[in-house]
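Work through the exercises below with the sequence and the 3D view side by side. Try each task before you read its solution.

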Amino acid sequence: MSDPTAHHVGITVSDLDRAVDFYAEVFGLDVVAEFSVGGEAFADAVDAAGASASFAHLAADGIRLELVEYDPEGEPMPERSLDRPGATHLGLGVDDVAAFHDGLADDVETLSEPRTTESGTTILFVRDPDGNLIEVLDA
């Protein structure tokens with residue numbers, strides 16, 4: 001058995017171009033690869049009959065963020081809530097969470113103002129255009 005290594009974090013989105021724009025504008029992430037995949041083997045592997053998908057990989061300081069748009073698109077997930085079993089989120093560190101928050105465009109949804117937890121870490125959760133949660137914390 002081989003030792004696993006981290007390859008990417010994947011997020012399914014409804015509009016790939018809109019998602020790429022969001023992650024580039026809000027977090028300054030750069031696209032490092034774009035590609036499409038289809039065919040029977042892919043559809044079988046992702047357990048979605050007849051599926052094909054378009055992908056964008058973005059560089060996030062050692063983590064590759066994979067944004068994927070499926071065709072056909074499945075049903076949207078209910079609004080994400082962090083306290084539900086199976087909930088996921090992407091965590092990205094910044095130098096100053098408060099300054100990051102102050103620089104956000106008005107249309108970027110947050111769960112709250114930045115908060116410093118009892119562990120001493122300042123955190124802020126934002127939603128991408130599809131409602132996926134991103135934790136922003138002091139790096």
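**Exercise 1. Count the salt bridges and describe each one.**

Start with the rule. A salt bridge is a side-chain nitrogen of Lys or Arg within 4 Å of a carboxyl oxygen of Asp or Glu. By this rule the count comes to three salt bridges. The model is predicted: local features need pLDDT of at least 70, side-chain atom pairs count only at pLDDT 80 or more, and totals for chains, interfaces and linings use all residues. Residues are numbered from 1 along each chain as its sequence is written, and side-chain values use heavy atoms, with hydrogens and water left out.

Step 1. Find D130 and R18. They form a salt bridge, with the closest N and O atoms 3.3 Å apart. D130 sits in the loop between β7 and β8, R18 in helix α1, and the two are 112 residues apart. Helices (H or I, at least four residues) and strands (E, at least two) are DSSP runs, numbered from the N terminus.

Step 2. Move to R127 and E79. Their closest N and O atoms are 3.8 Å apart in a salt bridge. R127 belongs to strand β7 and E79 to the loop between β4 and β5, 48 residues apart.

Step 3. Join the pieces. E79, E109 and R127 are linked in a network of salt bridges.

**Exercise 2. Describe the largest nonpolar core.**

Step 1. Define the term. A nonpolar core is a set of buried Ala, Val, Leu, Ile, Met, Phe, Trp, Tyr and Cys residues joined through side-chain atoms within 4.5 Å.

Step 2. Give the size. The largest core has 26 residues. Those with the most contacts inside it include Y23, F27, L65 and I134.

Step 3. Find the suppliers. Among the elements that each supply at least two residues are α1, β3 (52–60), β4 (63–71) and β8 (133–138). The largest share, seven residues, comes from α1.

**Exercise 3. Which residues gather in the patch of negative charge on the surface?**

Step 1. Know the rule. Patch residues have over 30% relative accessible area and no salt bridge; like charges are joined within 9 Å, nonpolar side chains (Val, Leu, Ile, Met, Phe, Trp, Tyr) within 5 Å.

Step 2. List the members. They are D15, D17, D21, E25, E34, D106 and D107.

Step 3. Name the main contributor. Helix α1 (residues 16–27) gives the most, with three residues.

Step 4. Check one member. D15 is found in the loop between β1 (9–12) and α1. D15 has 33% relative accessibility, so D15 counts as partly exposed.

**Exercise 4. Where is L124, and is L124 buried or exposed?**

Step 1. Use the area. At 1% relative accessible area, L124 is buried.

Step 2. Take a distance. The C-alpha atoms of L124 and D47 are separated by 34 Å, and the two residues are 77 residues apart along the chain.

Terms used: Accessible areas come from the Shrake-Rupley method with a 1.4 Å probe; for residues, only the protein chains shown count as cover. Lys and Arg count as positive and Asp and Glu as negative; His and the chain ends are not counted. The place of a charge is taken as NZ of Lys, CZ of Arg, CG of Asp or CD of Glu. Buried means under 20% relative accessible area, exposed over 50%, partly exposed in between (1.4 Å probe, protein chains only).
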